[in-house]
Every structure is written in structure tokens, then in C-alpha cells.
Amino acid sequence: MTVSAHAGTKNRSDTTGTYVVKLADAPVAAYDGGLRGLKRTMPASGKRLDPTSSASREYVRRLDARRDRVLDAVPGATKLYDYDYTFNGFAARLTAGQAAELARTAGVVSVTRSTVTRPEPAPEPAPAPGPAPAADSGPAAVGKGTAPRSSASGRAAAAPASPPDVPRFLGLSGKKGLWSKLGGPRHAGEGMIVGVIDAVDPKNPMLAALPEPRPDAAVIARKWHGTCDKGDPADPAHQVTCNNKVIGAAYFRAELTDPQPVDVPSPLDMHSHGTHIGTTIAGDYDTPVSIPGTNVRGRLSGLAPQARLAFYKTCWSSGCGEADSLAAIDRAVADGVDVISFSIGGGLTGPVNREAMFNAAKAGVFVAAAAGNEGPDTVGNTSPWVTTVAAESHDTDYRATLVLGNGRRITGPAFSEGVPKAPLVYAANAGLPGAEEAEFCAPDTLDPDRVRGKIVICDRGGSAAFEYQDRLDELTKAGAVAMVLTNTPTSSQDVFAEPTFPTFVLGPRDGKAVKEYAAAKGATARFTATVSTRVEAPSVAAFSSSGPDPASGGDLLKPDIAAPGQLIAAGTVPGGFAGYKGSFGFWEGTSMATPHIAGLATLLKQLHPGWSPMGIKSALMTTATTTDNEGRPITRQTDTAGKTVPATPLDYGAGSPRVTRAADPGLVYDSTSADWTAYLCAVGVEPPTAGACATAPETDPSDLNYPTISVGDVFIRQTVTRTVTNVSSETATYRATLHTPPGYTAKVTPRTLTVAPGAKATYKVAFTRTDAAYDSWRFGTLTWSDTQSAHRVRSQISLRAARLSVPDEVTVTGGKTTVALATRIGWTGRLTATTTGLYAGEKHTGTLTGVDKEGHAEAPPSESGAIKKVRVHVPRDTRLARVAVFSSDHLRGSDLDLFVYDKDGKQVSPSPVEGSDEHADLPPGDYDAYVVQYALPDGTHSQQFTLWTWQLGKSAPDVPATVTPASQQVGTDNRARVTVTWQGTEAGRRYLGLVEYGDGSTGVGRTALTVAP
């Protein structure tokens, strides 16, 4: 049993908190039989989970009874949720002592402190004051397409500007589009139910009831087991009403301890995020649209306009709770959804929700999840059983012209119905006396007498204390009629022209010229109305999170695919705290890309009801394209001025979907929960079934049967294996075409595959490094084409050569005097190994009284009873300096945090984690280390703390050590082993040393060795 929290997070709440308790039995979606009198409930491949069957009901009764017995061990605990279908356990409010008691109870696998995730960083702050959901999104930007190269096939449209036609861009509409294969848009999505883990405003015009009678009524009745929770009867103003479009609604806020006015007790969307997502997926076909603040008018359609929607609200003013989100996923699967759209990131992708999604996919539910909005090397939601979505542009952009009084015209990104000629002023010259940051139009800086009735130039940036909407509020308060927002040379983030206020965006050069003109007497300007124009697309958004996948070290390519996530027009909530003034608006983020893939998956599931979630994912990925609508390679944006760089599979995964080809992919790469379990074991992650790694086949993570091929650590050579399944109706022979990544050779065996309908075939690809640079990614493709060239099944290949793989940290406890270290080598030749020997740590002790829960990432804290400071000086010749605290030195159940700051007050230590095992490695310099007592076990008020410090290399080691062999020849098998031996350590002391490796001429890596006798 374990008591744990997600690495890298700290739930900053009181000692009594929300815990998720996992019990030993499998949940309903994963129970495959074997218990006396209880039949299997796990659905067969291609079948749906039936929560209403007698087998499911009997099994749930068993889970309930065992859960009640476990709860008897902790009298006084407040149970919040029962979990039965995708996770077996419950959530409860517990003290730390109760959590520890539960962890020792028979039948309990783990007790995990639930995290409450704040919003993921969005491309720009939320468009209105107040809290935003923990969502991978931000308010809509303009001008994000590859605007400098206009498409030859399009010209500027006449006013009014048209809303984006994303269904056309994705290949749904038209005689050859996917809708036509389903009977047209009036039938696209019939019989399908999509679960949106988010809130809803059912009054949105795109969620109006579908015409009756419905041809799929009987199908939906068989599938749907959910309800419509209108909300608290005591708050009728915020209740929701479902219809035959929004057939389900629920809300989960058991973790919300301090509700704010926006935290209404119902599924109602008080923001716009969930409504925007739901209408993107399945908004009614051909809905008339007018977007306030713009001249964008026309019609919008969801991708699966006849599908039904169920919403599960989990995000509140304080964030999104893990226990709440787990309840939502569990409920959605039990309700009978076909697809889940999950546009949430942050800490909600830890082991608890990861397991729920694992079992959801196991039960046949396709799960689409947002990659994140933090840019390169930050991808999240990377489990192989979910489809991870990056954000890209579509081919509709919006432009207007800024016309200056001197006749100069500048065309650029803007949303505007047109702004008449008005005086032009630079905010820096219109500030209140003594106001700072007036040039940024910061709150309470503008002089109404100098601003009223004028177009105001504001620089982008300023204090992090105010948000984008604050700037608009200040301009409105001061009486401005429009804003010209200028990027400065140091502006690096995206900027937005939000339709709630007329805004024109300029780059640094044009901004400088406009500010110079504004200084002239009588300067004026006006905006023309926005026009829509066809542009080159797609291009990956600058904010979109990219790989490599941190969980596998790049052995799994993530994100999986890209979809439109910029300038997405869909339903919004008028008057909600996102600032939208009408029922439609623009938004962007990977939150907006995710529902596009969820919608496409819904259509493919309708067309092929027997396909598994992984088969649908494979079809989308292997038919995707990596070229844009001009036939050029997809690029990645670097700023709002349209600058781009070549994109790679780390940005877009398989590429941009071509859904008509995905409807008939020929071959798919399928995988099962057994494959996912073996993958988890291979990457060192505990699978949902405890102890499963003991019997799971040993495999390399790169051998997961995935539609892409990725190896994050090629040591000279590696062979990967894949198996394809023929989902077409005819036997076909496929031939392989390799575009080998530069710096490698590759061989496919066999070169041809003949596969009957429903049959499988296996092949291998052997990669050998020639001259590829170490730690650098190289890309290629493998395409299987049938003899008629009707199908082209393409896998992206991503390879990274590795020089050396050794453990970063090794800890030896007890009386051991030796440790063996396994290595993998990326060259042939000599491997050398040396050691510094072991240095005894210096103990710093004191007494901590009470607790401190403030968090101290912004600045060094002041010492108090719960906070003690230790000065640390690291000399120049030190090879390794470390400060650390250990759980074993402190009271069980306590939680000590370690914060270290340099002489400038900058934090240089990692973020605190749950528990008291924390350390920081320091370069030469002077530091203040703070030990902060965050939590104590019940019934205690103080304890003695111990802080350890080490400085290696300033003198001879306290305990000599040896490494054998000191030098050895390594060959093409790329594996070696070294052994470290020592004698003379003393009990009660802690030692630290280094093992350093070389290739005979230079150092190539090292392992930190901690010895605690």
C-alpha cells in the first residue's frame, strides 16, 4: 500500500484533504471473470460496456460491500464519491492520520491525495477578470495562419466576413466528403453520444433540439443510461434543461470547499469553454451566426451535427479537482458515451485519471485529450490509449486595414465592424500624473480627459499582475473607442485581437511608425471592417505543446495528431465571465483542437461501429498529411507576425487529418489493454492492475503497436516490431517504402505483406545509426502501399541517437558495500569509469514548530517557528554540491519542503513534492536554504529537522571507493556493467559520491551515488 501524490505537485490545502482510495478488485470495465458466482463484465473487443446487465449489477454490489468494509476502518471519514466502472475505489475527506490508516487496511492498493489543478497556461490570459477553467485554451487570436503567403485559390471576401468553414477544411462537406458517406450532414453523427468533460449552456442556438422523430431514437435508448441533473432546485436561475441534443448533464464539485458566485450548483456553463467545445463537436447543422464586435456573419455547423451530447462539469473557480474529474469519467462511461473529449491538462493526467481513461478505452470509448499550450517540449496527456491533439491553423483568416490620417494604410490581423475616423494617441502620452506602465494601458493609468473618444496605442506586455482583459477594461473606463496593440521588440508571446473591443495588432516596426505619427498634432486613424480571406494552412500554433513524450523518453511519439485550434468560431455564453457578448465567438488553444478530433472519431465510429478506439486513432494518423493546402511542408509559428519554422512530428505527430482517407485506411495498428500494460511496465510505471508487471511480457516501449515509430534512445542499432490488421473487405498486398531518417540506415522485413480481410501481418524495421548527431532528433516515414495504390498507410519515424544511458541517481541502504550499475553505450570503443569516493554529509539540525502552507516560489520566506534558514557556500572547485532532507529523518506523516535561493533571491531548487524527500544540486555560489514544515501528523506540534549538505571534490573523500572495470571495450551489443565497491561507512551518516564515465577521451555522463548505512 502507498500514500502518494503526483510528482511535481503539492496540494496546498489544510491537513484534512480529499484523497482517492484505490481498492484491489478490478472495476466493472476491467473485470474479466474468475470470482465465484460473478460473471465477466469487461466487454469483448468491439463491444460496449453494459452497466445495466445483471452481471454488472451483481459485481457492483460486491464492490460496494467491500468498499463499505474498508471505510469502517476510518470512522468519521466523509465519503465524497464511489467509483465502480473505470476505477474501483472512492474519494473521501480524510485527515493525514486517516489516510495512513487506510493505506494499512487490507484490500487497499493506494491512497492518493487529490490535486486541484489551476488553469494550464493559455496563449494569453483569460478574456475577462475572474477564474478560468483548467483548460488548454485562451481567447481567440487573429492573424495566426501563414498569412504572408496568400493562397492562390482565394481572394479577400466581401463584407460581411464569413465564419471559418472548418468542416470543409477537414474534408467533411461536398460530394466526396465524409458527410456524404453517412447520408449527408442531416445524418452525420446519428446514433452517437459524445461525453464532454466540461460545462454547458443548453440555451445556445447550436444546441437546439433536433427535429423529431429521430431515426436513431431506438439506438440512443439502448445506449444511454445517464440522466439530466438540472442543478440545485434552490437555485432555479442556474438550472439547465436538456433536450434531444444535450441528453445528459451532471456536475461534480465535492472538492469545492469555498464556492464563489460563479460556482453555481449545476452543470451550467458560466464561462464559455464547455459550450464552445460541445458545439464544435456536434453543434446543430447550418446554424445562423453573428459574432458581436465583428462583422463576421454566416452559418456554423458542428462536425457531427446529429450526435447527442452529455456534459460533465468538473472545473470551478479554484480549479479542477482530480477526484471530481475521476467521478466524471467514471460516470460518462457508465452512461454509455462513445467518445470522450477531455480539454483539461495539468495534474489531472496523473495515475488516477490515467487509469480511468485506460479502462474507458478498454471499454471501447475513444478518448481525445489536449496536448497543452506551453510550447515546445511540454506535451501532456500522453498515455497511449488517448489521442493527444496539437493545435494548428485553418485556412480562414481575418484582416482589416488601419488607415492613418497621413494616408498610410496598414493591413493586418483585426476583428472590427469598422471604427470611424478618430484622434490617435499613444497611451504613454495619455497617462495620469505619476502613473507607471501607462504605455501598456495598465489598470488605473489612463487619463480620461486625454483618452475619451480616441483610438489609443498600447504596447503589449507590462506587469504580470494584470491580464489582457484588464487592459480592455481600462480603455473602456477611460472612454477609448479602439486600441492599436503594438508588439515591442521584446514581446514574445501571442497577442489577441479580442472581438469584445475593437483592436488592431501591429508588429514592432509598424508599431514604431504609428507611434511616431501619433506624436504629430492632429493625428487621426480609422479601422476598416474586417474581411475574411483564404490563407495557406495548416501551420502548428506557436503555443501548442510539442514532444518528446517525457513518460517514455521519446519512445512514444506525442502529440498524436494536429487539428484546428486557432480562430475557432463556436458557441459561447453571453455575459459569462469570459467576456463574450453574444452566443458565438472565437477561441483558441489545444482545448479547441481536441473536440475536432473527438468529432472526427465520432463520425468514424458511426461509419465503422466495430472499430476499436485504437483502430480509429490509427486510421486518423496513418492517413494524415504533413503538407499544407499549397503542397508545402507544414510549418510551426513562432510569433504573431507570421514567422514560421519547419515543423516536425514532435509538433504535429502524424500530421493534419484527412478524414475521407481515414474512413478507408486499408490497414490499422490496433492494440489492447494487455499491450498498454506491457508498455507501462517497460517505462517503469505501475499499471492499473497491481503486480501485472510480474507476468507482463518484457518489451521495449518502442515496440508498442502504435501508428508511429519513435525511439528516443538509439544505441547504435535498434529493431522495432509492428503488426497491422486489414480492415478493408478485400485481400491486398502491400509494399513498403522507406524514407529513412538522415544519419541512419534502415531495413524492413519483410518488404511485402499480403493480408486477408480481418487478418494480421507482422513486420520489423531495423535502424542503425551511421553519423546522426547524439541527442538530436531525425525524422522519416514508412509507407505501406497496396498494389492498386488505393491505400497508403504511413507511419512517421522519429529517432534520437543516444550516447550513454546510466542512472542519474542510485541510493544504497543498509550494510551493503557494493552496487552494480548497468549502462547502455552509443559507440564502439572504450568505456571508462571513475569515482570520487564517498563524502560524508554535514548535518544541520533545529526545531520546527507549527506548519506553514503559504508556498514560497515568488521570494525567500521569513524565518518563523515552521521555517528555518541555513546558509550554504559552494566553493569554485566543488564537483557536486547538494542540500537535502529525507523522510526517514522525520516523523512519519510529516511533510517538509526544501526551498533554496541564490544571492539574488531567485529560487534554484525544484518545486516541492509530497513527503519529505527533496534535494537540490547547486553550482558554486552562496545560497540560503529554507526548511519549511508544511504538515505534521495528527497530535504533534513540533519536531527536530535535519538538513544534509555535501561538497564533493574540495578535499579527499571520507570513504574511498573503487570502480571495476576502470576501462573496458564495448561492442555493438551496446551494453556494459560497472561495479562500485567501498568499505568503512558509519551507521547514522549519509554519504554522497559520483561515478563518472568517459569514452576514452572525454567525459560523457555521471551517476550520483547516495549511501545510507
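This note comments on one strand sheet and on a set of salt bridges in the structure.

1. Basis of the comments. The model is predicted, so that local features need pLDDT of at least 70 and side-chain atom pairs count only at pLDDT 80 or more, while totals for chains, interfaces and linings use all residues. Residues are numbered from 1 along each chain as its sequence is written, and side-chain values use heavy atoms, with hydrogens and water left out.

2. The sheet. Five strands make up an open sheet with mixed pairing, in the order β34-β41-β40-β36-β38. Its edge strands, β34 (709-714) and β38 (752-755), each pair on one side only. On average, neighbouring strands of the sheet are turned by 20° against each other, direction ignored. Here strands (E, at least two residues) and helices (H or I, at least four) are DSSP runs numbered from the N terminus; two strands pair if DSSP finds at least two bridges between them. Axes are lines fitted to C-alpha atoms, for helices over the stretch in contact, and angles run from 0 to 180 degrees between N-to-C directions.

3. The β36-β38 pair. Strand β36 (residues 732-739) runs antiparallel to β38, and four bridges join the two. A732 has V755 in β38 as its bridge partner.

4. Salt bridges overall. The whole structure holds 39 salt bridges, a salt bridge being a side-chain nitrogen of Lys or Arg within 4 Å of a carboxyl oxygen of Asp or Glu. Three of these pairs are described below.

5. K245 and D284. The closest N and O atoms of this salt bridge are 3.5 Å apart. K245 lies in the loop between α5 (217-223) and β10 (246-251), and D284 in the loop between α6 (273-282) and β11 (287-290), so the pair ties together parts that are 39 residues apart in sequence. Both residues are buried, that is, under 20% relative accessible area, where exposed means over 50% and partly exposed in between (1.4 Å probe, protein chains only).

6. D560 and K617. In this salt bridge the closest N and O atoms are 3.6 Å apart. Distant parts of the chain are linked, 57 residues apart: D560 is in the loop between β27 (539-540) and β28 (561-564), and K617 is in helix α13 (residues 613-622). D560 counts as buried at 0% relative accessibility, and K617 is buried with a relative accessible area of 1%.

7. Salt bridges that share partners join D64, R67, K79, D82 and D84 into one network. Within it, the side chains of K79 and D82 meet at 2.9 Å, N to O. K79 is partly exposed, with a relative accessible area of 34%, and D82 is partly exposed, with a relative accessible area of 34%.
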